[in-house]
Amino acid sequence: MTQPNMLITGATGNTGFQAGLLLREAYFPVRAFVQRAEHLSSSLIRDRSQPSIANARGKFLACLLLPLTMFLACTPQDKQSQQVSRPVKVVRIGDEAAADVMSFAGEVRARYETTLAFRVSGKMIDRPVEVGDRVHKGQRVARLDSTDYRLGTDALNAQLTSAQAERDFARDDLTRYRELLNQRVISPAEFDRHDTAYTTARERVVALEAQLSQATNQLQYTDLLADRDGVVTAVEVETGQVVAAGQPVVKLARLDEKEIHIDIPEQRVAGIALHQTVSVTLWADGNRRYTARIREIAAVADPASRTYRVKATLLERQDEARLGKTATVWIPVTTSPRLAVPLSAVFTPQNEPGRPRVWLVDEQAGTVRSVPVQLGEALDGEHIVVAGVVSGQLVVSAGVQRLAEGQAVRLPEKVAASMQGYVAENKE
């Protein structure tokens, strides 16, 4: 075994123990081949001199060992030294990734929206307003035919005049009979009869006065007046139609207070608090944000949609938010701290399709290693909640499919400078 060891040392030098073993294993087939070649060529070169044979053997053995020596010289250490670091984009995991904002689409509505209706029945002969018209308090928005109500008022007025005359006559008659009673000309029973007649006439006047006041009110009810300033949002009855008392005619909305109506799923309603401040954006002007406050949260879910109606009152710029506009309510949610990474940082190995991973950067060695993570809820801005990483770690956010375990990476200059400061701070 001395000769193979010498051959290994001469062929490999200091390339390593593994290369020496490989060359040692390859020595025995090569030696057998050389011996067969010497046996075949012995008959051809018997007439040659001994030095020539030795030289031929050395040249032949060198030609056989040269390719093997060149192959063994290319060790994994040399390949690693020739490997070029790959530039990557990274992001540092921070606590700000735990912030969560829910957005829900809604509609601008008036907080006070009243349906106006006649208090009496009749045929509508006039409706001077249309949808979208602004009206003021006391302005007439519709009118009924008041002929019957005016005639009823006139009849009651005549009855009242007659009752008042009878009352006055009964009063004067009672005064005369009181004098006769004092003179003992009439009996007390006769006086009581005239006193009762006066009382009846007097109370009949009071009753007719009440009926006349009621008829006068009904006559006034034929004019439908706006009870507040606002805008007409709906018209239910057309001119010429006979309406009943209480039938909706015009819907009037106040403009001094507006709010956004949204529907919240039952799994999200627990994250909303009453009187919470939220932000509102209008679809027509998405760049501008309005401040609002949660005013009402429904106590019972809608039986059809299984959602809860939430109303947010606008606190500014009431005139710019027109009724009926589409709005988005942004509600910040207070949740437990969560860590999130960009979606582009998550990859799945081919040999493990069900285990997502991310590449973590070793800030001291400048290499990457993959760690398994558990995916959670998707967030806005193409981020996703993950578990299995720690806040402050560097994660590769682009080109994750082209990296390998332990590969050297090159970070951007700004990131590298901040990384050095971060490492020094942690050491302190």
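Tutor: In S7, Leu-144 is the bridge partner of Met-124. Keep in mind that this is a predicted model.

Student: What makes S5 and S7 a pair?

Tutor: Two strands pair if there are at least two bridges between them. Strand S5 (residues 122–126) and strand S7 (residues 140–144) have two bridges, in the antiparallel sense. The count meets the cut-off, so they pair.

Student: Which sheet holds S5 and S7?

Tutor: An open sheet of four strands, in the order S8-S7-S5-S10, with antiparallel pairing.

Student: Why are S8 and S10 called edge strands?

Tutor: Strand S8 (223–225) and strand S10 (242–243) each pair on one side only.

Student: What holds paired strands together in general?

Tutor: Strands of a sheet pair through backbone hydrogen bonds, either parallel or antiparallel.

Student: How do you know that S20 and S21 pair?

Tutor: Strand S20 (residues 374–379) and strand S21 (residues 383–387) share four bridges, in the antiparallel sense. At least two are needed, so the pair qualifies. Leu-379 stands opposite His-383 in S21. Three residues lie between the strands of this hairpin, and Gly-381 takes a positive phi near 80° there.

Student: Why is Arg-184 called exposed?

Tutor: Exposed means over 50% relative accessible area. Arg-184 has 76% relative accessibility, so it counts as exposed.

Student: Where is Arg-184, and what is its phi?

Tutor: Arg-184 is in the loop between helix H5 (147–182) and helix H6 (188–220). Its phi is positive, about 60°, although Arg-184 is not a glycine.

Student: Why is Arg-306 called partly exposed?

Tutor: Partly exposed covers values between the buried cut-off of 20% and the exposed cut-off of 50%. Arg-306 has 45% relative accessibility, so it counts as partly exposed. Arg-306 is in the loop between strand S14 (285–297) and strand S15 (307–314). Arg-306 also has a positive phi of about 60° and is not a glycine.

Student: How do you know that the span of H6 agrees with its number of residues?

Tutor: At 1.5 Å a residue, the 33 residues of H6 should span 48 Å. The end C-alpha atoms of H6 are 48 Å apart, so the two values agree.

Student: Which residues of H6 are buried, and what covers them?

Tutor: Buried means under 20% relative accessible area. In H6 the buried residues are Phe-191, His-194, Tyr-198, Ala-201, Val-205, Leu-208, Leu-212 and Ala-215. Their cover includes H5.

Student: Why can residues a few places apart on a helix point the same way?

Tutor: An α-helix has 3.6 residues a turn, so residues three or four places apart point the same way.

Definitions and conventions: Residues are numbered from 1 along each chain as its sequence is written. This is a predicted model: local features need pLDDT of at least 70, side-chain atom pairs count only at pLDDT 80 or more; totals for chains, interfaces and linings use all residues. Side-chain values use heavy atoms; hydrogens and water are left out. Buried means under 20% relative accessible area, exposed over 50%, partly exposed in between (1.4 Å probe, protein chains only). The expected span of a helix is 1.5 Å times one less than its number of residues. Contact means heavy atoms within 4.5 Å.
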